Amino acid sequence: MEIRLEELTKIFTDKNGKETRAVDNLSITIPSGKLVGLLGPSGCGKSTTLYMIAGLLKPSGGKIFFGDDDVTKLAPEKRGIGLVFQNYALYPHMTVRQNIMFPLENLNIKREEATKLVEEMAALVGILDQLDKKPSQLSGGQQQRVAIARALVKKPRVLLLDEPLSNLDARLRLQTREEIKRIQRETGITTVFVTHDQEEAMSISDQMVVLDYGVEQQMAVPQEMYNHPANLFVAKFLGNPPINILDGKIEQGNVVLSDNLIVGTSKSPNATVVVGIRPEDFRFDPQGFEVTPDEIEHIGRDTLIYFTLGEKKVRAIVDSDSVYGKTKIKLSVKKDKLHVFNPETGNVVL
Amino acid sequence: MKAFKLKLQNLLWRMKSVSHHSFVKTEEFLTRHRLGFIVNWPHWLKAIFYLLPAMLMLLVFTFYPIINSFMISFYTGFNIQTGEFDNYTLLGNYIEVVNQANFLQALQNTAIIVFISVPITILLSLFIAVALNSIKPLKGFYQTIFFLPYVTNTIAIGLVFAFMFSGNTNTIANPVGLGLANQVITWFGGQPIAWVATGATYWSAMTVILMYSVWNGLAFKIIVFLSGIQGIDKQYYQAAQIDGASRAKAFSRITVPMISPMIFYILITSVIGSFKTYSSVVAIIGVDGMITTGSSGSLNMKTIVFYIYDYISLAAQDGLMSLAAAAAIVLFGIILVFTMIQLQVGKRRVHY
């Protein structure tokens with residue numbers, strides 16, 4: 001089921017009448033059967049968007065379509081969605097079986113059929129042996145699976161996940177994100193999830209949407225977005241360690257940093273620009289510019305070096321062997337890996 | 001307002017520092033007067049030391065009377081003034097009490113109050129708590145209104161009730177000075193009723209007592225339930241809504257189980273409280289606990305506690321205090337049995 005948001009807007013008004021545009025004219029299309037991540041820093045409106053899709057929040061403006069149906073005014077229970085809450089919201093007084101059964105109790109189906117569906121779902125998420133326990137007896141990861149099973153048991157058209165991995169520890173997070181990916185692939189259900197963790201979003205989504213202050217920044221396939229950020233915000237938000245942002249200019253087709261250091265080429269006309277270089281896009285190069293590392297961190301296979309370019313501190317990740325024991329290192333920037341942005345608008349300069 | 005708040009905060013701060021200071025000073029004092037060993041006592045010994053004052057009070061005013069009541073219930077010919085008694089009897093006093101028509105009447109009155117008023121108050125207060133929780137405007141105002149009975153004197157409320165339900169055979173024949181209840185009845189074209197005065201029937205008087213018990217019990221229960229309901233995470237309701245559960249279903253499957261510990265607590269305390277009903281009967285029926293119904297006779301509206309308390313005026317007569325004690329022990333036994341049953345049921349039904 002394709003989800004289409006048209007100029008979706010949500011304005012919160014506080015007690016003093018001050019308005020906050022949590023979601024601002026958001027128009028995106030989430031393709032059918034895909035896993036799409038809504039990504040952004042805290043307070044960017046991603047959860048608000050999710051809750052509007054779910055129907056728990058009323059939009060201030062705009063429309064929501066599921067396929068061709070306009071569901072903007074439809075009550076949540078009529079939309080055919082499954083929602084997994086951040087803290088799972090499993091009913092603590094019911095067993096796992098009763099929890100998963102609960103959505104079915106409200107449908108007009110036979111008990112045997114309901115029982116069969118519950119076991120089918122439990123098998124899908126791998127908690128068949130936990131059905132008669134209470135949620136409090138389960139680990140965080142298992143609770144998460146129960147919540148997913150409960151959301152999926154009534155065969156919704158859309159699955160929504162609110163920060164699905166934020167309550168899990170690091171190891172479980174890796175495991176669960178594989179699990180979510182697998183469940184989504186097996187059921188083929190259109191899935192939207194919200195996260196503030198870029199690594200999480202990049203690792204499992206088919207497409208991701210980056211939001212900031214309720215405004216869509218970019219929607220793309222994760223690697224595409226990483227390689228070609230549409231603006232400075234996306235460039236800064238994605239990547240760990242973060243991208244290096246330097247002042248520079250374009251002169252006769254060359255990208256020039258301070259001290260007349262030429263780091264690459266551009267087809268754009270002469271202008272003052274902001275240059276973004278990801279730490280891993282530096283490479284060891286005998287023909288490159290010479291830097292003196294202020295600090296060196298060995299992180300196994302790679303080495304993180306800190307040096308100063310102009311006034312700015314810059315991070316670079318280079319091959320450990322090539323810098324081992326050196327006080328001066330010659331570097332260059334990999335071809336086509338420069339990101340050049342307009343300093344006023346922040347948009348990428350082609 | 002702001003200055004007041006600041007003063008209050010300063011006062012609280014001061015109190016904290018004074019209490020800490022006095023703690024330090026006490027230890028100093030104890031050490032200086034070679035009483036420092038108290039400071040070095042093990043934790044449990046200190047705890048007992050601090051509990052002593054309360055323990056003494058409980059011993060004198062609770063434990064001793066309980067044990068003494070047991071003892072007195074086994075005496076014959078006991079005189080409370082001299083403290084002398086003739087002999088022991090194992091069940092004599094009990095048998096005499098449970099064979100008294102007055103006691104059986106009191107038992108019946110009490111049972112009716114317990115088994116009718118408790119379920120009604122609990123259901124009603126649960127309903128009101130849910131309603132209060134779902135309104136937004138004037139929430140505080142309504143909460144205050146529903147809490148008012150709790151801080152009002154029982155006898156005062158009872159008198160107001162008695163006033164509202166006033167009306168006897170004479171005033172009904174000649175409708176002047178009817179109470180509010182009868183006025184409402186006449187507005188709707190009904191016949192006025194002599195609720196609790198001459199001409200009353202057993203059930204008309206009992207209805208007033210039950211209404212009073214229900215209403216008087218509401219306030220505290222509403223507050224307890226409301227705080228319980230407010231403690232439930234809203235996400236459970238959102239999840240239930242998405243799963244297509246109706247409001248009634250969300251109430252029965254989420255609200256009730258989630259506040260079941262509170263419901264359980266309220267059930268036990270109000271069953272116990274209702275078994276001990278006394279002042280409401282005094283307020284509504286009067287200190288005699290009887291309604292004279294013309295020349296034909298009278299209605300006995302006394303509860304068990306009322307029955308026991310009646311013996312206070314007869315305490316000087318030999319042996320009667322033992323009957324009162326036996327009745328008190330019977331009441332204790334009844335409450336004990338009911339509480340045990342509830343605890344057993346609660347084990348399976350209450351989700352902590």
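These legends accompany several close-up views of a predicted model.

The model is predicted, with local features needing pLDDT of at least 70 and side-chain atom pairs counting only at pLDDT 80 or more, while totals for chains, interfaces and linings use all residues. Residues are numbered from 1 along each chain as its sequence is written, chains are lettered from A and ligands numbered from 1 in the order in which they are written, and side-chain values use heavy atoms, leaving out hydrogens and water.

**View 1. Chain A as a whole.** Of its 350 residues, 51% count as buried (buried is under 20% relative accessible area, exposed over 50%, partly exposed in between, with a 1.4 Å probe and protein chains only).

**View 2. An open sheet of six strands in chain A.** Follow the strands in the order 6-7-8-3-9-10, and you will find mixed pairing (two strands pair if DSSP finds at least two bridges between them). Strand 6 (81-84) and strand 10 (215-220) of chain A each have a single partner strand, so one side of each is left without a neighbour in the sheet. From one strand to the next, the twist averages 15°; axes here are lines fitted to C-alpha atoms, for helices over the stretch in contact, and angles run from 0 to 180 degrees between N-to-C directions. Strand 9 (residues 207-212) and strand 10 of chain A are antiparallel, paired over five bridges, and Leu211(A) has Glu216(A) as its bridge partner in strand 10 of chain A. Helix 4 (residues 140-152) of chain A packs on this sheet, touching strand 6 and strand 7 (158-162) and making about 165° with the direction of strand 6 of chain A. Contact means heavy atoms within 4.5 Å.

**View 3. An open sheet of four strands in chain A.** Here the order is 2-1-4-5, with antiparallel pairing. Strand 2 (19-30) and strand 5 (69-70) of chain A are the edge strands, each pairing on one side only. Strand 1 (residues 3-13) of chain A is joined to strand 2 by eight bridges, and Phe12(A) stands opposite Thr20(A) in strand 2. Helix 1 of chain A packs on the sheet, where it touches strand 1, strand 2 and strand 4 (61-66) of chain A; its direction makes about 115° with that of strand 1.

**View 4. Around Leu83(A).** Leu83(A) is among the residues with the most contacts inside the largest nonpolar core, which has 74 residues. Such a core is a set of buried Ala, Val, Leu, Ile, Met, Phe, Trp, Tyr and Cys residues joined through side-chain atoms within 4.5 Å. Beyond neighbours within four places in sequence, the contacts of Leu83(A) include Tyr51(A), Leu160(A) and Ile242(B).

**View 5. The rings of Tyr51(A) and Phe85(A).** This pair is tilted, with 6.4 Å centre to centre and 35° between the planes (rings of Phe, Tyr and Trp, the last by its six-membered ring, pair if their centres lie within 6.5 Å; planes under 30 degrees apart are stacked, over 60 edge-to-face and the rest tilted). Tyr51(A) lies in helix 1 (residues 46-54) and Phe85(A) in the loop between strand 6 and helix 2 (96-105) of chain A, so the pair ties together parts 34 residues apart in sequence. Both Tyr51(A) and Phe85(A) are buried.

Methods
Helices (H or I, at least four residues) and strands (E, at least two) are DSSP runs, numbered from the N terminus.
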